[in-house]
Amino acid sequence: MSNAILEFKGEYHFLDNFYPAPVTWEGITYPTSEHAFQAAKTFDNDFRLQLAQVESPFRAKKMGRAVNLRTDWEERKYDLMEEIVLAKFHQNPDLAEKLIATGDTHLEEGNHHNDTTWGTVDGVGKNWLGKILMSVREKIK
């Protein structure tokens, strides 16, 4: 695939959910879209507020792995990710311009941490984050 971005690093780091861009979701502002996504795993507002204070998206992800998941998580997680990624680009117009500038390029979250749900490893995986980013790109054009 010649017209493709296969990793969200370097000039394309802004596509990564760990990229430092504040996102306000359901009334709380988080340092990254990763923080907001981890917060979406629960309805516990105290946990969400605590998560918003954590600087590191790595720490936020770790905290999200330990939370009791909302009962509808498996059915809703992809829609919630799209909602949060859309918020990220609506609320950060400079990033929206950069996303739009990728044109019709295929976006793939290639990674080395074995995430074949949200991304791909050696080209294998569902690439849900990439698909959501391409959907969001169409919505904000």
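Predicted model: local features only at pLDDT ≥ 70, side-chain atom pairs only at ≥ 80, totals over all residues.
Figure 1. You'll find asparagine 127 in the loop between β4 and α6.

**Figure 2. Asparagine 114 is exposed.** Here's another asparagine in the loop between β4 and α6. Asparagine 114 has a relative accessible area of 64%, so it counts as exposed. Its phi is positive too, about 60 degrees, although asparagine 114 is not a glycine.

**Figure 3. Phenylalanine 37 and tryptophan 118 make an edge-to-face pair.** The two ring centres are 5.3 Å apart and the planes stand at 80 degrees, which is why the pair is called edge-to-face; the cut-off for that label is over 60 degrees. Phenylalanine 37 belongs to helix α1, while tryptophan 118 is in the loop between β4 (106-107) and α6 (128-140), so this pair links distant parts of the chain, 81 residues apart. Are these two residues buried or exposed? Phenylalanine 37 is buried, at 5% relative accessibility, and tryptophan 118 is buried at 14%. Both also belong to an aromatic cluster, together with Trp73, Tyr78 and Trp128.

**Figure 4. Phenylalanine 14 meets phenylalanine 89.** The count of aromatic pairs comes to six. One of them joins phenylalanine 14 and phenylalanine 89, edge-to-face, with 6.5 Å from centre to centre and 80 degrees between the planes. What does this pair tie together? Phenylalanine 14 lies in the loop between β1 (4-5) and β2 (23-25) and phenylalanine 89 in helix α4 (residues 73-91), so the pair connects parts that are 75 residues apart in sequence. Phenylalanine 14 and phenylalanine 89 are both buried.

**Figure 5. Helices α2 and α3 pack against each other.** Two packed helices are described by the angle between their axes and the distance between the axes. For α2 (residues 45-52) and α3 (residues 57-66), the axes come within 10 Å and cross at roughly 160 degrees. That angle makes α2 roughly antiparallel to α3, because the cut-off is over 145 degrees. The crossing of α2 and α3 is right-handed. On the α2 side, look for Phe47, Gln50 and Leu51; on the α3 side, look for Ala60, Met63 and Gly64. Sort the residues of this contact by class and you get four nonpolar, two polar and no charged.

**Figure 6. Helices α5 and α6 cross at about 105 degrees.** The axes of α5 (residues 93-100) and α6 are 10 Å apart. With that angle, α5 and α6 are therefore roughly perpendicular to each other. Which residues of α5 and α6 meet? Ala96, Leu99 and Ile100 come from α5, and Leu133, Val136, Arg137 and Ile140 from α6. By class, the contact of α5 with α6 has six nonpolar residues, no polar ones and one charged.

**Figure 7. Threonine 32 is buried in a loop.** Threonine 32 is in the loop between β3 (28-30) and α1 (33-39). With a relative accessible area of 2%, threonine 32 is buried. What does threonine 32 touch, leaving aside its neighbours within four places in sequence? Its contacts are Asn17, Phe18, Tyr19, Pro20, Ala21, Val23 and Pro57. Now find alanine 60: in sequence, threonine 32 and alanine 60 are 28 residues apart, and in space their C-alpha atoms are 9.5 Å apart. You've met alanine 60 already, in the contact between α2 and α3.

Note on methods. Residues numbered from 1 in each chain as written. Heavy atoms only, no water. Helix = DSSP H or I, 4+ residues; strand = E, 2+ residues; numbered from the N terminus. Buried < 20%, exposed > 50% of the residue type's maximum accessible area, 1.4 Å probe, protein only. Contact = heavy atoms within 4.5 Å. Axes fitted to C-alpha atoms, helices over the stretch in contact; angles between N-to-C directions. Parallel < 35°, antiparallel > 145°, perpendicular 65-115°, else oblique. Left-handed = near helix turned anticlockwise from the far one by under 90°. Nonpolar A, V, L, I, M, F, W, Y, C, P; charged D, E, K, R; others polar. Phe/Tyr/Trp six-rings, centres within 6.5 Å; stacked < 30°, edge-to-face > 60°.
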